[in-house]
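The sequence and structure are shown first.

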Amino acid sequence: MPAFEAPDFLKLDETQFSEEERMIRDSARAWVSGEFLPRIQEHVRQDGSFPMDLVPQMAELGMFGANLKGYGCAGMNNVAYGLLMQELERGDSGLRSFASVQGALCMYPIHAYGTEAQKEKWLPPMAAGEAIGCFGLTEPDHGSFVSGMTTRAERKGEGWVLNGVKRWITNGSLADVAVVWAVTDDGVRGFLVETDRAGFEARDIKGKFSLRASVTSELFLENVEIPESNQLPGAKGLGGPLGCLTQARYGISWGVTGAAMACFDEAVQYARDRIVQGGPLASKQLTQMKFAEMLTEITKAQLLALQVGRIKDAGQLHHSMVSMIKRNNVDIALRIAREARDLLGANGIVDDYQSMRHMMNLETVRTYEGTHDIHTLILGEHITGMRAL
Ligand SMILES: Cc1cc2nc3c(=O)[nH]c(=O)nc-3n(C[C@H](O)[C@H](O)[C@H](O)COP(=O)(O)OP(=O)(O)OC[C@H]3O[C@@H](n4cnc5c(N)ncnc54)[C@H](O)[C@@H]3O)c2cc1C
């Protein structure tokens with residue numbers, strides 16, 4: 001595979017990113033090229049396998065809970081964190097999903113809603129990649145409409161007993177701890193469930209066309225007993241899980257820009273060498289129009305993510321901003337991946353090339369963490385003040 005050339009049309013490197021931000025990005029970029037990409041083909045061919053042996057290296061590079069402070073986390077700002085997500089997804093959405101779930105969906109709720117004892121117990125080993133987390137919100141019958149959740153947590157003595165099924169859970173069978181969202185008599189609450197507790201079972205979902213290098217599971221909770229000390233006291237109501245989703249969606253918006261950059265780069269390099277009708281594919285007017293569109297959309301996506309990152313660092317983030325960039329950036333990344341696959345012709349359908357893998361992955365990314373439609377509705381409500389019927 002030729003060396004990756006990152007598009008930076010509006011000179012963000014020179015004018016926007018600090019030296020530290022560039023350094024974090026560049027070390028992640030080198031790691032993805034040197035350690036991860038040589039392994040991706042084998043894991044895509046095995047449905048639902050993630051290169052777990054790379055987890056210690058990821059931890060060493062500060063990739064888990066990277067924008068959290070203390071407890072062994074890297075404590076980087078949100079732009080550096082975004083650039084890290086961009087580079088991980090330039091490798092594969094499964095790789096970025098692994099880091100997103102660990103950091104934004106599991107470490108974040110412990111950091112934001114947990115007791116000091118929960119933070120001390122879980123965050124250092126999770127940052128070190130020695131403990132893996134998963135996030136159980138979606139259920140077989142309730143995805144977008146999370147308030148339909150039926151998983152129950154009932155009081156039993158001083159503790160709780162959990163019953164229910166969670167589906168489509170990234171890292172479910174790899175996890176040491178599951179952040180499980182359940183309905184109680186006082187509304188939705190979050191619980192830390194060690195996965196070796198009696199009554200907990202994770203079964204992997206096979207046959208995915210998308211996110212193949214990522215483990216996706218169904219979680220079964222049958223009379224799982226946990227102590228009161230496993231409840232996340234700071235999470236009350238749906239704001240708890242939604243707060244985590246805002247963190248993860250922010251990272252996704254950067255991540256998919258990385259996937260788009262990978263596809264753009266692959267298509268440009270391919271079109272320069274591929275001869276069609278007496279000349280390079282890159283010299284054809286139609287091809288150049290496609291590249292002009294791709295580069296423009298990537299540049300807009302970079303700017304949107306960057307601006308939201310700076311706003312997030314300034315403490316002024318509103319979740320609707322994240323909806324706008326998740327919705328837009330996933331959409332353009334998916335279009336670019338499809339266009340790049342098309343430009344590669346028949347070669348584009350084999351896994352020696354990456355555009356189709358990104359394209360298939362991005363179908364998941366369009367669906368998870370709030371579908372494209374759901375983010376449209378969030379923005380619509382923000383604009384009009386009216387919840388759509
Ligand atoms: C590979 C993978 C990994 C995942 N990882 C996790 C995880 O780690 N943890 C977790 O909790 N979940 C996870 N998910 C689940 C994901 O978040 C859900 O799939 C997503 O929220 C959509 O829910 P659904 O699949 O039930 O689709 P549905 O909600 O049934 O949506 C189906 C269609 O209906 C549309 N729709 C829904 N509501 C409306 C409406 N009001 N108006 C108009 N259209 C609407 C949607 O946009 C979509 O097009 C994962 C999913 C995948 C595929």
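Predicted model: local features only at pLDDT ≥ 70, side-chain atom pairs only at ≥ 80, totals over all residues.

Residues are numbered from 1 along each chain as its sequence is written. The domain assignment gives domain 1 (12–127), domain 2 (133–237) and domain 3 (240–384); such bounds come from an automatic or database domain assignment.

**Domain 2 and domain 3**

- The C-alpha centres of domain 2 and domain 3 are 30 Å apart.
- Their contact involves 13 residues of domain 2 and 9 residues of domain 3, where two residues are in contact if their C-beta atoms, placed from the backbone, lie within 7 Å.
- On the domain 2 side, strand E5 (187–194) and strand E8 (231–236) each contribute at least two residues; helices (H or I, at least four residues) and strands (E, at least two) are DSSP runs, numbered from the N terminus.
- That side of domain 2 comprises 8 nonpolar, 4 polar and 1 charged residues, with Ala, Val, Leu, Ile, Met, Phe, Trp, Tyr, Cys and Pro counted as nonpolar, Asp, Glu, Lys and Arg as charged, and the others, Gly among them, as polar.

**The shell around the ligand**

- Of the 19 residues around the ligand, the nearest are Leu137, Gly143, Ser144, Thr371 and Asp373; a residue is near if its C-beta atom, placed from the backbone, lies within 6 Å of the molecule.
- Domain 2 and domain 3 each provide at least three residues of the shell.
- Strand E1 (133–136), strand E3 (159–170), helix H10 (355–367) and helix H11 (372–384) each supply at least two shell residues, and E3 gives the most, with 3 residues.
- By residue class, the shell holds 8 nonpolar, 9 polar and 2 charged residues.

**Helices H9 and H10**

- The 25 residues of helix H9 (residues 319–343) should span 36 Å at 1.5 Å a residue, and the end C-alpha atoms of H9 are 36 Å apart, which agrees; the expected span is 1.5 Å times one less than the number of residues.
- H10, with 13 residues, reaches 19 Å from its first C-alpha to its last, close to the expected 18 Å.
- In H10, 10 of the 13 residues are buried, meaning that 20 or more other C-beta atoms lie within 10 Å of their own, against 12 or fewer for exposed residues and values in between for partly exposed ones, with C-beta atoms placed from the backbone.
- The buried residues of H10 pack against helix H2 (19–45), helix H5 (93–113), helix H7 (239–273), H9 and H11.

**The nonpolar core**

- The largest nonpolar core contains 111 residues, and those with the most contacts inside it include Leu162, Ala260 and Ala337; a core is a set of buried Ala, Val, Leu, Ile, Met, Phe, Trp, Tyr and Cys residues joined through C-beta atoms within 7 Å.
- H7 provides the largest share of this core, 16 residues.
- Beyond four places away in sequence, Ala337 touches residues including Ala260, Cys263, His358 and Leu362.

**Positive phi values**

- Most residues other than glycine have a negative phi.
- Asn171 has a positive phi near 65° and is found in the loop between E3 and strand E4 (177–184).
- Asn171 is buried because 24 other C-beta atoms lie within 10 Å.
- Gln277, with a positive phi near 45°, is found in the loop between strand E9 (275–276) and strand E10 (279–280).
- Gln277 counts as exposed because it has 6 C-beta neighbours inside 10 Å.
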